[in-house]
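Me: Please take me through one part of this model slowly. I would like to look at the place where the two chains meet.

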Amino acid sequence: MAQVAVSPAVYAARRFVGRALVWVVLGAGALLMMVPFLWLISCSLKDVSQLWVFPPIWIPNPVQWGNYPRALTVLPFARYTLNTLTITIPVLVGTVLTASMGGYGFAKIEFPGRELFFMLFLATMMLPGIVTMIPVFILFSKLGWVNTFKPLIIPPICGGGAFNVFLFRQFFRTIPEELSSAARIDGCSEFGIYRRIILPLSRPALTTVAIFTFLATWNDFMGPLIYLNADARKTIALGLAGFQGLYNTEWELLMAASAAMTIPVVIVFFLAQRYFVEGIVMTGLKGM
Amino acid sequence: MLKDNLLLKTSRILHMSPRRLRQTVVGYAFISPGIFGITCFLLGPMIFSLWLCLTKWDIVTPPQFVGLQNFQTMLRGDEFFWLSLWVTLKYTIVAVPLNLVAAFAVALLLNANVKGMPIFRTLYYLPSITPAVASVMLWRWIFNTDFGLLNLLFQTLGLPKIHWLFDPGWVMPALWLMGLWGVGPTAIIYLAGLQGVPRQLYEAAEIDGANGWSKFWNVTMPMMSPVIFFNLVMGIIGTFQVFTAGYLMTGGGPQNSTLFYVLYTFRNAFQWLKMGYAAALAWVLFLIILVLTVLVFRSMGSRVFYGEA
């Protein structure tokens, strides 16, 4: 087929129009994704008379900042936050540590049975959570661990989850083997290589796993729902769900409490976003 | 000294070089937390759960062995088992394809070379990190019949008001719509795939005179088929385990129209303490997911292109 010659000016114009079009569609989509958030913030700052009107108003007048302190004190949200952090922090540290160790073992050390165990790890991702949830609940209830944080902390830090191990393995495989061999020749132990060479080079993977873990633990609902029923032990997610039952009609408080729970998550996500999306794009698919 | 001696002796017994034995020990040490976790919280409980299926047990009183009675009850006498299966299937059949297509479209956009892309990627991802409980609250208010955002839109378009969460015919579309809000992670996985398509393929196609459309069908789609396939399988596995939306948003209603399978299993286990029956339900779910996955592999696996890239 003969190529039709296009003058540089026409080519540049077409390119510009194409990009402008993509930009407009992208922007419209992004706005659509953001509308529920804007609505959440808007409703969290309204009073009752502004909330129950149709058509709804977008900008509250006057702005009810007082909804936030009220929403966060009608239920002991300070206690809930402390509980959530008491679970999240050890889970975060333990998961990053054990998952990166597992990833290192699968990526950088050759030993018999490695592939077999790796397949076993991957296979666990297929298993629906509810299958193990019931027997594990019985185990923990027999140990007297119901209403403690142990059932929510100990299982995730034992191995750090197959997905995280997989992510670390994929990332570590992209680090040149020469670095490890050189260190080995210099007499560095395997753990030393892991700690001093591989981990410092793996910031994107470490950040990705840390964020995934933080989000999953902070947002987890089903786990706390099963194990924590004393009010003093509840997490934010559980407290917020209870809020729904107690203050079913006070939507402005519900919205304020929901926004307050979401804001830390959004901040953490924005801080780490640079590593996060890049981390997935880089490690997400290689070798699959 | 003693350690080295031991190493030497063991390596001779196992017919391994001392270096290889050391590697093996260190290797297993690194993956040992994972092996411990899988044994204690996965394989062990799974075996325990297989026995649990054959019992009637409320945890408090001693368990009763009942053979296959739980499965018989399920298949013959329990209308809610069939209902919850149907509800879950209904959700999956629309939600999975809808999300696959939407996420692919978003990924194509996010792969364009325009200014401000990191911000766009973040904005599209953001909804999926919102705590499920918070997003359920938010969407309940959006779906509110009289004061909600969605009915405002409907009214502006001249459409009638809909009782989204209180009408058995409309509650499922409401959940499909809410699911679309969380396309971010799937789109990012597509994006990773799109970035892995070699540029040379597009250049070669251009030399052959391919336009944008035929480049999409003849280069992008075949190269992306493994990723599409991956997202399809993960999507099915995910939607079969929907819980929070049913539990918090609708309580399984109205008229059990959102009684998802995992919600029904949860109720059996943790509200009615029918541990044996719930364990049986959980195993049946696992089998269903397994069969579905195999079917998907059988029917589509051959059409997936695993190129040399």
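Reply: **Where the chains meet**

The contact draws 78 residues from chain A and 75 residues from chain B. Two residues are in contact if their C-beta atoms, placed from the backbone, lie within 7 Å. This is a predicted model: local features need pLDDT of at least 70, side-chain atom pairs count only at pLDDT 80 or more, and totals for chains, interfaces and linings use all residues. Residues are numbered from 1 along each chain as its sequence is written, while chains are lettered from A and ligands numbered from 1 in the order in which they are written.

Start with the chain A side. H14(A) supplies the largest share of the side touching chain B, 14 residues. Helices are DSSP runs (H or I, at least four residues), numbered from the N terminus. By class, this side of chain A has 59 nonpolar, 15 polar and 4 charged residues. Ala, Val, Leu, Ile, Met, Phe, Trp, Tyr, Cys and Pro count as nonpolar, Asp, Glu, Lys and Arg as charged, and the others, Gly among them, as polar.

Now pick one residue. Leaving aside neighbours within four places in sequence, A:Ile134 touches B:Ser49, B:Leu52, B:Ala269, B:Met275, B:Ala278, B:Ala279 and B:Ala282.

Next, the core. The largest nonpolar core has 121 residues. Such a core is a set of buried Ala, Val, Leu, Ile, Met, Phe, Trp, Tyr and Cys residues joined through C-beta atoms within 7 Å. Buried means that 20 or more other C-beta atoms lie within 10 Å of a residue's own. A:Ile134 and B:Ala279 are among the residues with the most contacts inside this core. Helix H4 (residues 77–108) of chain A gives the most to it, with 11 residues.

Key
Buried ≥ 20, exposed ≤ 12 C-beta atoms within 10 Å, placed from the backbone. Helix = DSSP H or I, 4+ residues; strand = E, 2+ residues; numbered from the N terminus.
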